[in-house]
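Here is a briefing for a first look at this structure. Start with the display, then follow the topics one by one.

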Amino acid sequence: QVQLVESGGGLVQAGGSLRLSCAASGGTFSGPYVGWFRQAPGKEREFVAAITWNYGNTQYTDSVKGRFTISRDSAKLTCDLQMNSLKPEDTAVYYCAVDNKAPYSWTDYRTYDYWGQGTQVTVSS
């Protein structure tokens with residue numbers, strides 16, 4: 001029943017950083033997974049990172065490992081995505097999502113049940 005709102009997107013040069021935030025409204029994060037996905041123009045929706053709300057376990061797609069960090073704040077009911085060393089290929093609309101109903105998956109967007117409106121990230125070269 002949660003509503004999700006993303007913020008923090010913008011325009012940065014390659015090598016720069018952004019921090020995206022996902023806030024729950026009208027409810028709480030329930031998990032088991034809170035994830036970030038992205039979709040670039042003309043491309044499929046892509047898994048970026050996910051975290052288990054209760055335990056804080058994380059998983060990342062290979063292309064962002066070592067550059068992106070997902071975290072959650074149980075008190076503030078937020079899930080953040082810290083993005084460092086950004087590349088032009090990171091340009092996309094980034095979405096926050098919650099998977100709290102079976103079936104469950106770290107990476108499959110089809111299993112996620114609630115979605116935010118998205119925030120644009122543009123990385124210039």
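E46 is partly exposed, at 29% relative accessible area. E46 is the salt-bridge partner of R38. This is a predicted model.

**The R38 and E46 pair**
- The closest N and O atoms of R38 and E46 are 2.9 Å apart.
- R38 is buried, with a relative accessibility of 6%. E46, in contrast, is partly exposed.
- The pair belongs to a network of salt bridges that links R38, E46, R67 and D90.

**Other salt bridges**
- How many salt bridges does a search of the whole structure find? The search finds six.
- R19 is partly exposed, with a relative accessible area of 43%. D80 is buried, with a relative accessible area of 14%.
- Another salt bridge joins K65 to D62. Here the closest N and O atoms are 3.0 Å apart.
- D62 is exposed, at 61% relative accessibility.

- E6 belongs to strand 1, which covers residues 3–7.
- E6 is buried, yet it has no salt bridge.
- Which side chain of opposite charge is nearest to E6? It is R45, 9.4 Å away. A salt bridge needs the atoms within 4 Å, so R45 is not a partner for E6.
- What does the side chain of E6 reach at 2.9 Å? It reaches the backbone nitrogen of Q117.
- The E6 side chain also reaches the backbone nitrogen of G118, at 2.8 Å.

**L81, a buried leucine**
- L81 is buried, with a relative accessibility of 0%.
- Setting aside neighbours within four places in sequence, L81 touches a list of residues that includes L18, R19, L20, W36 and V48. Also among them are A49, F68, T69, I70 and Y94.
- L81 and Q59 are 22 residues apart along the chain, and their C-alpha atoms are separated by 12 Å.

**Strand 9 and its partners**
- Strand 9 covers residues 92–99. Six of its eight residues are buried, so the strand is largely enclosed by the rest of the structure.
- Strand 4 (residues 33–39) runs antiparallel to strand 9, and seven bridges join the two.
- Within that pairing, W36 stands opposite C96 of strand 9.
- Strand 10 (residues 114–115) pairs with strand 9 over two bridges, in the antiparallel sense.
- A97 has W115 of strand 10 as its bridge partner.
- Strand 11 also runs antiparallel to strand 9, with three bridges between them.
- V93 stands opposite Q120 of strand 11. Y94 has T119 of strand 11 as its bridge partner.

**Strand 11, two faces**
- Strand 11 covers residues 119–124.
- Which residues form the covered face of strand 11? They are T119, V121 and V123.
- The uncovered face holds Q120, T122 and S124.
- Strand 2 (residues 10–13) runs parallel to strand 11, and four bridges join them.
- In that pairing, G10 stands opposite V121.

Conventions: Residues numbered from 1 in each chain as written. Predicted model: local features only at pLDDT ≥ 70, side-chain atom pairs only at ≥ 80, totals over all residues. Heavy atoms only, no water. Buried < 20%, exposed > 50% of the residue type's maximum accessible area, 1.4 Å probe, protein only. Lys, Arg positive; Asp, Glu negative; His and termini not counted. Polar contact = N/O pair within 3.5 Å; in protein donor to acceptor, adjacent residues only side chain to side chain. Contact = heavy atoms within 4.5 Å. Pairing = 2+ DSSP bridges.
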